[in-house]
Amino acid sequence: MGKLDSPPSTRCLICSAQATGFHFEAQSCSACAAFFRRTVALTKTFKCITGKDDCAVHYSMHQICRSCRHKKCLTSGMKPAGVQPKKGNVETGRAFFTKSGLKRNKKFANVSPVTADEEKLVVEKIPKIEVSDSTVSPMDSSSVETEDSSQMDLDDFVVKIPTPRKISSTPSTRSTITMFSTPGPSPASLMSPSTPKPSLPDALTVLIREEMKLGERRRLLFSERAVGTLLGQNRQCPYKKEDIKPLVFHDFRLTIKTHIMLVYEWLQSWPELQELDDFDRMSLLRKAVLIHFLLDPSFLSYQIGEPDKLIMQNGGFISTADHHGVGWEDEPDISGENKRKYYVPIMKQITDEIMPAMKAMSITFEEFVALKALACFQGGFENVSEAKRHLITQQVNRVLSSLHTHYLESSEEKIAERFGTIVLMLSNIFTAGNDFVKNHREIDIFHIWDLDKLVLQLLNLDKIMETEARETAEKRAIRNGINLHNEGN
């Protein structure tokens, strides 16, 4: 009972994380403040995921209902009028990741009772950027220290990256690796050979080169310009406005294998890929294909600069303003009604969640390259065998470190703020990816239209692997004389 007489709590009134101050007139953490700011600034509306409008909201939860979170922000006292329309002067988030952030408000510098896991977040020095495992809430990724970012060193803060939840209904039997969050060697370094490996080229430099190759190949494959204008690798959009044309779903389906091959060539630029077995490589390819199919149209559309068009990888576009307009017409393979039912929701996640964040931060080519790599590798972390996950962690850390170096070399003044924005985008990307897979599985089950067989295998890879594992177990049982069909007798 003595705890009842303790000083007033300094917890966030919305999610119970450690508060960092009063944001929009309510005691809250930086993550909830950032969520509320985006919701108000972008005039977003949400629907409760259960339909009951009474979901629990807690920072430790893996998935949080955005509708109930927004409702709790309002009931806790957050004022929409406090959100400033001008981006340049919007109050930057204050994380409880570093002690310097807490010192700005003495009340919240005295952290009220924390658990052992939460205590790991309050650190003075972190030897590396942390990659969290699947137990980390997407909310944590938004709490990134932004004060005096131009003077910050990479060691001064920790970025926690969310891992997407698995779609399969079968619980994963793999144990979770707790990634490093305190000074000292990481599990990755402990699992690595003691003898040093040859130094690898800068991760971002390699990825930038591969992205420019990807643009050149797309021009050669899909542009109808004179061949002399198609060659050349650069950071520009591979298509000009005169190159884009209305999307025909049937034609795009015929090019799916080409797009998958281009993604596989991109993935092969990662040196450790050959250290994975076939299943792990296929799992990572599956995630990379999914992420490319979401992010490439987002960035191509951002580069072209025509908000009423979503540009696909082959230069075809669909109307984002009129869902009965260009690209949404009936085709022999698929009706306009089914297009709208299954693809408008995916398109809206791109146009309403991913692209606005790119535009708001004026994302650069280098940042997009890093974002895509982080989404691909961190997104594939869960399905890679436990023994090889440290390779994924190492690559994610290389990309983050390389991006930080790029910021320093380009004299970026808001390093932590831009880091935080990129990490924040990952949760929306992973959510869109899960919905993409679900919609296409439904398309396959109900035979809405004929999808490419390779795409179907990639989308259903977890089920394929589960089926093969079950068949292997059954064969082993039969060899051992176990009758699986008479277990109940």
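User: Is tyrosine 343 buried or exposed, and what is its relative accessible area?

Analyst: In this predicted model, tyrosine 343 has a relative accessible area of 13%. Buried means under 20%, so tyrosine 343 is buried.

User: How is a pair of aromatic rings described?

Analyst: Two values are used: the distance of the centres and the angle of the planes. The whole structure holds twelve aromatic pairs. In one of them, the ring centres of phenylalanine 249 and tyrosine 343 are 5.4 Å apart. Their planes stand at 75°, so this pair is edge-to-face.

User: Which parts does the pair of phenylalanine 249 and tyrosine 343 tie together?

Analyst: Phenylalanine 249 belongs to helix H8 (residues 249-254), and tyrosine 343 to helix H11 (residues 336-361). The pair therefore ties together parts that are 94 residues apart in sequence. Phenylalanine 249 is buried too, at 7% relative accessible area.

User: Which residues do ring pairs link into a cluster?

Analyst: The cluster consists of Phe249, Trp328, Tyr343 and Trp449.

User: Where does the charged end of arginine 389 sit?

Analyst: It sits over the ring of phenylalanine 381, 5.1 Å from the ring's centre. Arginine 69 lies over the face of phenylalanine 35, at 4.4 Å from the ring centre.

Methods: Residues are numbered from 1 along each chain as its sequence is written. This is a predicted model: local features need pLDDT of at least 70, side-chain atom pairs count only at pLDDT 80 or more; totals for chains, interfaces and linings use all residues. Side-chain values use heavy atoms; hydrogens and water are left out. Rings of Phe, Tyr and Trp (its six-membered ring) pair if their centres lie within 6.5 Å; planes under 30 degrees apart count as stacked, over 60 as edge-to-face and the rest as tilted. Helices (H or I, at least four residues) and strands (E, at least two) are DSSP runs, numbered from the N terminus. Buried means under 20% relative accessible area, exposed over 50%, partly exposed in between (1.4 Å probe, protein chains only). A charge sits over a ring if NZ of Lys or CZ of Arg is within 6 Å of the ring centre and within 35 degrees of the ring normal.
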